[in-house]
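Let me put the structure up, and then I'll walk you through a few spots.

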Amino acid sequence: MPALLVCLAAPAFFVLLTPWLGWLLLAAGLGVAVALERGRVTASGPSLTRDLSLIAVGLLIVSSVPLKAELDNAAMIRFTLALGGAVVVPYVLSRWVYRDHAIRFPWRGGGRWRPWQWAWLAAVLLLGWLILPFYFITSGVYLNWPVVDTPDLIARLFVGVGAVGIWDELFFICTCFVLLRRHFADATANVLQAIVFVSFLWELGYRAWGPVLTIPFALLQAIIFLRTKSLGYVVTVHLLFDAVVFAVLVHAHNPGLLDAIFFIAP
């Protein structure tokens, strides 16, 4: 219950856009966790209260800024500070305040990539090419991103899409999912982190029937992380998917530019 309350703060913040409800859910979740653990909050072993507090801090930092996709200098600085802080602050608190090593960023993880991993990278590109143009253009959600019709704006979009994709894995997988796994079965922790992941993507712009895509993606990324133990691999998967997202957004805002690549025109 306390973990669910904390994770449900994400749709309150990012889907309903109701900050007070998010604050209430975070407070309730942490309060229930404290009541359940009592003296164990300060024990040397893993504490649900402490771990949920790290997720709560990250959510509060992210929710402090609007997540509408914008490409001006102020918006990019705002995103950098908020999203960067949501990763750095929980890590610092875990490492030097709680004296814990719960949050780690295992870049190479399981070593060399196996054949199935290379095959999945190719499948991600193919699936992205088949699904994303249809989703963005027929639903009109590409309009949730600013028009990119100059080289400067296209370059900014490329940097922004890639940076947010990397951050997704640092926060949702290496922070939220890893912390939740200390207290719950993998499947339960995965569902909880997916609530947070998908809610963030909703405010970012993946609306309409976007959750039909983002929910499986969020769940699969955690499963792949469990299999590979490699942040580098899940980031690579995400960046390949986001490369298609970037190309589709450019295509949608510039009819005729990439018509030879995609099967559906804006």
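So, Ala-82 is buried, at a relative accessible area of 5%; buried here means under 20%, with exposed over 50% and partly exposed in between, using a 1.4 Å probe on protein chains only. Before I go on: this is a predicted model, where local features need pLDDT of at least 70 and side-chain atom pairs count only at pLDDT 80 or more, while totals for chains, interfaces and linings use all residues. Residues are numbered from 1 along each chain as its sequence is written, and side-chain values use heavy atoms, leaving out hydrogens and water.

Back to Ala-82, which sits in helix H4, residues 73-97 (helices are DSSP runs of H or I, at least four residues, numbered from the N terminus). Leaving aside residues up to four places away in sequence, Ala-82 touches Ile-61 and Val-65, contact being heavy atoms within 4.5 Å. What about Leu-8? C-alpha to C-alpha, Leu-8 and Ala-82 are 20 Å apart in space, and 74 residues apart in sequence.

The axes of H1 (residues 2-14) and H7 (residues 186-204) come within 8 Å and cross at roughly 10°; axes are lines fitted to C-alpha atoms over the stretch in contact, with angles from 0 to 180 degrees between N-to-C directions. That makes H1 roughly parallel to H7, the cut-off being under 35 degrees. Among the H1 residues meeting H7 are Leu-4, Leu-8 and Phe-14, and on the H7 side you get Ile-195, Phe-200 and Trp-202, among others.

Technical notes
Helices (H or I, at least four residues) and strands (E, at least two) are DSSP runs, numbered from the N terminus. Angles under 35 degrees count as roughly parallel, over 145 as roughly antiparallel, 65 to 115 as roughly perpendicular and the rest as oblique.
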